[in-house]
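Subject: Structure for you to look at

Hello,

Please find the structure below.

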Amino acid sequence: MVRFRAGFLINSLFLKKSNKMAKARIIVDRVIARMMRSLTIISVLLMFLIGLGLLLKALPILKEHSVFHMLSSEIWRPFKGEFGFLPYIMGTLWVSLIAIAISFPLCVLSSIYFFEYAPQKLKQFILPLIDLLAGIPPVVYGVWGVLTIVPLISEHLAPHFVEYSSGYSVLAGGVVLAVMIFPLVMSLLGEVFSSISTELRDASLSVGATKWQTTKLVLMRKALPGIMAALILAISRALGETIAVLMVCGNIAVIPHSIFDSGYPLPALIANNYGEMLSIPMYDSALMLAALILFLIIVIFNVSSRFVSTQLEKYFKL
Amino acid sequence: MRKAEEYFFRLLMVLASLIIVGSLFSILFTIIYRGIGSLNWDMVSRVPEGGFYIGKEGGILNAIIGSLYIAGGATLLALLLSIPIVLYINTYLPKDSRLAGFARTSFDILFGVPSIVYGAFGFAIMVFFGLKTSLLAGIITVTLLVLPIMVRTMDEITRLVPHELNDAVYSLGATRWETAKVILKQVAPGLITAILLSFGRGMGDAACVLFTAGYTDNIPTSLQEPAATLPLAIFFQLSSPIEEVQQRAYAATLVLTIIILLLSILSRILNSILSKHKIQ
């Protein structure tokens, strides 16, 4: 800071005439600095404000019921004052896990293909295209799910396994979500793979390893921290997705027992009941608690994603 | 054996890539195929008549205008907030500043917070201040949603400005504020990317406006009135049993997708044109 101001001080020493003007400029500079500083600090506090705001709204229900009981109870009867979040938590877990199980292996394989094998031209054509689709809003994915995935499941897939499924199932939610996070995961993995130096590849290839051996033994090891961080970010994105999942997963508040059962994820619970939540006591508080749980989980995931990538890097140094 | 393994995994990779690219194209195809039939001039130039959920006549103008208002208002507000924040972090604070690092981390985390949480938080604020579902409440909530996107994008651009530029301006005797203005001029073209990105995100988000902006058949004429939005127009009208209403949902999906794709393409083109003239 001192170094930066030196030029300015010299300037005002030698040009005494402009002293008054210089003072005015310093005052303007300081006033604006104060304003900007407070704005920055307020915006940094936004994260805590959101947590605090949701906590305050959730307090009434936290006073009446124990958190542990609400998280482990299956019974959801707002009219009778029973708020068990377990079906919703399980719904969220099913949908997210299916999405990650489909999406992540595909994206890892595909990223390796585009970064290690594919011709340069194909890569330069496809990757920006995938990136472009990242901007498509969730609701559009939801429409696609309703029009294609849901009928596909109810008419072609489910009859082979279960007696009846409407198609609106955790599987449909998982598939739609998986496709939705393709662009995100591809771009995260793309960053990981493009940051690995070509010398590493060349060294491995030069000692007679095949391309796949190089990929498996050298690249994957080097990329592992980045891949883990991407995985955590992908999960946290999947956990919070609302509208696309809400449209296809059936929304029945029962713990799903197979992938063809309907589920009811937490975000869908919040979104679906906003209309009635003011008329039933404690209902709004329960929904705000759901939002708070979601918020906390996602903040924890995001923080641990950063932690994982820096920590693992130390262990997997080549 | 080594060869067999090589071929096997190569096949898997190609298959995975085909599935990813194929499913993404399947979305575009479905949206265009369903939407093109119901999209006509009436659809985009009239508001729904006889209620958006049951009325068979009219179009989706209310949702198009509402979305533009909300995304536009939120982008403008977020821009006004993020310019001082980004300038402060990058020119006022020293490079190893803890506040700057903390601010960046917190915006990274806020970026990952799902929109439904912003929606719930916006609703809590609304109730606190006694606001009803309105254009204003929608704009405020979406501003919170796009602020992290705006700050992060602008910060990335601003960080690319060579530090020597700062030093050069300081050495002429400029104050920090005057230096910040020079930096702002340098990054101004890049702001367009941030603006388009935020605008697109603001237009496409449903969970944020669900509680806060409400829904209406009319075009809002003041900040206190509720506003319809395209994502909600899709969401509500798709579930209607009436064929004509569903057509409106398909048309809205296509319109939204086209707007979003145009915005992304535009930002890419502008980005590549503008980055040619930057000082490296």
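Among the contacts in chain B between residues at least 6 apart in sequence, 75% join residues at least 24 apart. Two residues are in contact if their C-beta atoms, placed from the backbone, lie within 7 Å.

Some bookkeeping comes next. This is a predicted model, in which local features need pLDDT of at least 70 and side-chain atom pairs count only at pLDDT 80 or more, while totals for chains, interfaces and linings use all residues. Residues are numbered from 1 along each chain as its sequence is written, and chains are lettered from A and ligands numbered from 1 in the order in which they are written.

Chain B on its own

Chain B has 11 helices and 0 strands. Helices (H or I, at least four residues) and strands (E, at least two) are DSSP runs, numbered from the N terminus. The C-alpha atoms of chain B fill a box of roughly 70 × 70 × 35 Å, taken along the principal axes. Of the 280 residues in chain B, 51% are buried. A residue is buried if 20 or more other C-beta atoms lie within 10 Å of its own, exposed if 12 or fewer, and partly exposed in between; here too the C-beta atoms are placed from the backbone.

Chain B is divided into domain 1 (2–38) and domain 2 (43–277). Domain bounds come from an automatic or database domain assignment. The C-alpha centres of domain 1 and domain 2 of chain B lie 31 Å apart. In the contact between them, 6 residues of domain 1 of chain B meet 7 residues of domain 2 of chain B. The domain 1 side of this contact in chain B has 3 nonpolar, 2 polar and 1 charged residues. For these classes, Ala, Val, Leu, Ile, Met, Phe, Trp, Tyr, Cys and Pro count as nonpolar, Asp, Glu, Lys and Arg as charged, and the others, Gly among them, as polar.

Chain A on its own

For chain A, the domain assignment gives domain 1 (2–64) and domain 2 (76–315). Their C-alpha centres in chain A lie 39 Å apart. The contact between them takes 10 residues from domain 1 of chain A and 9 residues from domain 2 of chain A. On the domain 1 side in chain A, the residues divide into 7 nonpolar, 1 polar and 2 charged.

Met70(A) lies in helix H3 (residues 67–72) of chain A. Is Met70(A) buried or exposed? Met70(A) is buried, because 21 other C-beta atoms lie within 10 Å. Leaving out residues up to four places away in sequence, Met70(A) touches His65(A), Phe83(A), Gly84(A) and Phe85(A). Asn251(A) is in the loop between helix H10 (243–248) and helix H11 (266–272) of chain A. The phi of Asn251(A) is near 55°, a positive value in a residue other than glycine. Asn251(A) counts as partly exposed, because it has 19 C-beta neighbours inside 10 Å.

Where the chains meet

How many residues does the contact take from chain B and from chain A? The contact takes 69 residues from chain B and 69 residues from chain A. Helix H1 (residues 2–38) of chain B gives the largest share of the chain B side, 20 residues. By class, that side of chain B has 46 nonpolar, 15 polar and 8 charged residues.

Two packed helices are described by the angle between their axes and the distance between the axes. Axes are lines fitted to C-alpha atoms, for helices over the stretch in contact, and angles run from 0 to 180 degrees between N-to-C directions. Angles under 35 degrees count as roughly parallel, over 145 as roughly antiparallel, 65 to 115 as roughly perpendicular and the rest as oblique.

Helix H4 (residues 86–117) of chain A and H1(B) pack at an angle of about 110°, with their axes 8 Å apart. H4(A) is therefore roughly perpendicular to H1(B). Among the residues of H4(A) in this contact are Leu106(A), Tyr113(A) and Phe114(A), and those of H1(B) include Arg10(B), Met13(B) and Ile20(B). By class, the contact of H4(A) with H1(B) has 13 nonpolar, 2 polar and 1 charged residues.

Helix H12 (residues 283–315) of chain A and helix H4 (residues 98–112) of chain B pack at an angle of about 130°, with their axes 9 Å apart. H12(A) and H4(B) are therefore oblique to each other.

Regards
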